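Q: I am new to this structure. Please take one part and look at it closely.

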Amino acid sequence: MIRCKPLLGTYVEISAEIGSINMTSFELDEVINTSFSAIKLVQDLMGFHHPDSELSKINTLAHKEVLEIHPWTFEVLRIAKEIHKASLGMFDCGVGSRLVEAGLLPNHQRASTQAWGGLADLILEEPNLVNSMRPIQIDLGGIAKGFAVDKAVEILKSTAIQSGLVNAGGDMRVFGTQAQEIQVRSPSNPNDLIFIGLLQDGAVASTSLYYCDATKSRSRSPIVNPMTMEQIEFTESYSVVAPKCIYADALTKVLTITKNSTHPCFAEFSAHAIRI
Amino acid sequence: MQWNPNPIRILAGITIASAPLYAHAKIYISVDQAQKLIFPNKQFTKYPVVLTKDIQDKMHSASSVSHPFKSDRTWKASDGSWFIVDEVVGKHEMITYAVGISSIGTVQSIEIMEYVESYGYEVAEEVWRKQFIGKSADDAIKLKKDIQNISGATLSCKHLTDGVKRIMVMYDLALKPKAK
């Protein structure tokens with residue numbers, strides 16, 4: 001069974017094989033529905049586009065007060081800070097302000113230019129408390145999709161389903177006893193597919209600019225170098241293979257920005273970087 | 001996790017592309033399956049809608065979707081729910097999808113039924129699209145379906161969002177029960 005829904009601003013596919021186990025098609029539909037609901041919850045909590053999302057609340061209030069947040073948002077922020085530290089600041093979802101300026105994200109705050117903080121200013125405290133030392137514009141676009149994929153996979157794996165796949169617009173995770181062939185689009189001709197390897201029980205995510213509208217005079221690149229706060233343009237495709245999709249997703253930004261496929265943070269998270 | 005990288009690509013250090021695909025396609029679910037997934041226990045009857053030029057113009061201006069709506073893919077349940085199948089055509093993709101509208105006029109759910117992709121302008125051309133219409137999962141002609149796991153840049157679902165907007169405008173103007 002393979003289904004697809006529009007979520008997280010892209011098309012999300014969920015595929016599940018029941019093999020020889022005893023599960024009715026109705027039960028399978030229900031499990032897949034629950035997986036899609038988990039992705040929808042991530043979208044509702046962590047979407048920058050929604051002025052009422054929990055993320056928007058953090059961006060508006062976290063520098064003024066301590067906020068109690070959903071454990072999933074807390075988990076994503078915790079891992080974001082972990083990768084921020086391991087990448088020596090090359091991964092930073094505090095770049096939302098630049099993407100707002102570039103017109104790639106909506107401006108909810110209507111605030112004039114100010115000194116925005118980054119992930120380093122964010123303070124997390126168990127259980128599920130967050131505040132910030134400076135005003136922030138966190139965009140979880142570079143990490144939440146991977147987290148959503150992981151949550152959907154966890155639900156599938158908690159049942160008797162033997163193997164499956166969740167693919168959120170190119171960020172995907174597979175599980176089961178069979179290794180699966182992974183293809184990446186050629187950045188010079190996205191219609192060409194490049195076989196990069198066989199993956200079993202793992203995740204892969206990719207970043208490239210071939211879907212961006214190159215006819216616009218302003219940069220459409222969603223990747224911002226946190227050191228310079230400039231959007232970066234590139235012609236390559238960057239992929240990262242990792243045990244969990246949240247790491248694969250976030251680490252593609254480190255690879256895209258540093259262009260260094262042997263950056264120590266890949267080994268730290270048992271990840272492999274691939275440049276095409 | 002077990003990861004076995006493609007040795008050819010790694011050793012050569014160059015990209016080995018597979019043969020160019022004319023179009024990559026995925027067929028997810030049929031009309032019947034989509035109907036059962038969105039409304040598990042409801043009976044639907046085909047209910048073609050007639051759209052005046054004025055309604056079509058309003059649907060166009062509210063959604064910026066320009067290709068004509070095929071009004072013979074609309075179904076109605078006795079409680080006033082609707083099940084509608086439509087297509088959207090983007091720069092990179094053509095998508096057939098189903099949307100369920102509840103009896104109170106809200107989007108119940110959306111399921112993607114079919115996805116055909118190509119690059120460049122072809123996908124927007126009527127001639128190019130016609131060759132796929134009516135194709136099923138059994139038709140392999142020019143549809144490459146066996147490649148499942150493609151990682152890549154994220155494709156926006158904006159065109160689909162516009163398509164659903166157009167259907168909801170149509171619901172408001174033509175399908176919704178008239179206020180007494």
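Predicted model: local features only at pLDDT ≥ 70, side-chain atom pairs only at ≥ 80, totals over all residues.

What pattern does chain B follow, read along the sequence?

A: Residues are numbered from 1 along each chain as its sequence is written, while chains are lettered from A and ligands numbered from 1 in the order in which they are written.

Chain B follows the pattern β-α-β-α-β-α-β-β-β-β-α-β-α along its sequence. That is five helices and eight strands. Both are DSSP runs numbered from the N terminus: helices are H or I with at least four residues, strands are E with at least two.

Chain B has 180 residues, and 47% of them count as buried. Here buried means under 20% relative accessible area, exposed means over 50%, and partly exposed lies in between (1.4 Å probe, protein chains only). Now take the contacts within chain B, where contact means heavy atoms within 4.5 Å. Among those between residues at least 6 apart in sequence, 63% join residues at least 24 apart.

From strand 6 of chain B, Glu93(B), Ile95(B), Tyr97(B), Val99(B) and Ile101(B) point one way. Met94(B), Thr96(B), Ala98(B) and Gly100(B) point the other way. Residues in both groups are buried.

Next come the partners of strand 6. Strands of a sheet pair through backbone hydrogen bonds, either parallel or antiparallel. In this account, two strands pair if DSSP finds at least two bridges between them.

On one hand there is strand 5 of chain B, residues 82-89. Eight bridges link strand 5 of chain B to strand 6 of chain B, in the antiparallel sense. Within this pairing, Asp86(B) stands opposite Tyr97(B). A hairpin of three residues carries the chain from strand 5 of chain B to strand 6 of chain B.

On the other hand there is strand 7 of chain B. Strand 6 of chain B and strand 7 of chain B run antiparallel and are joined by nine bridges. Ile95(B) has Tyr115(B) as its bridge partner in strand 7 of chain B. A hairpin is found here too, with five residues between strand 6 of chain B and strand 7 of chain B. Gly105(B) sits in that turn and has a positive phi of about 85°.

Now turn to the other chain. How many residues of chain B are in contact with chain A? There are 39 of them, and they meet 50 residues of chain A. Between them the two chains bury about 4300 Å², 55% of it on carbon and sulfur atoms. Buried area is the accessible area (1.4 Å probe) that two parts lose on being put together, summed over both. Met1(B), Trp3(B) and Asn149(B) supply 19% of what chain B buries against chain A, more than any other three residues.

Three salt bridges are found across this interface. Each needs a side-chain nitrogen of Lys or Arg within 4 Å of a carboxyl oxygen of Asp or Glu. In one of these, Glu13(A) meets Lys26(B) at 2.9 Å, N to O.

Which elements of chain B give two or more residues to the side that touches chain A? They are strand 1 (2-5), strand 6 (93-101), strand 7 (107-117) and strand 8 (150-151). Strand 7 of chain B gives the most, with five residues. By class, this side of chain B has 21 nonpolar, 13 polar and five charged residues. Ala, Val, Leu, Ile, Met, Phe, Trp, Tyr, Cys and Pro count as nonpolar, Asp, Glu, Lys and Arg as charged, and the others, Gly among them, as polar.

Strand 1 of chain B also pairs with a strand of chain A. Its partner is strand 9 of chain A, residues 193-200. The two run antiparallel, with four bridges. Gln200(A) stands opposite Gln2(B) there.

How values were computed. Heavy atoms only, no water.
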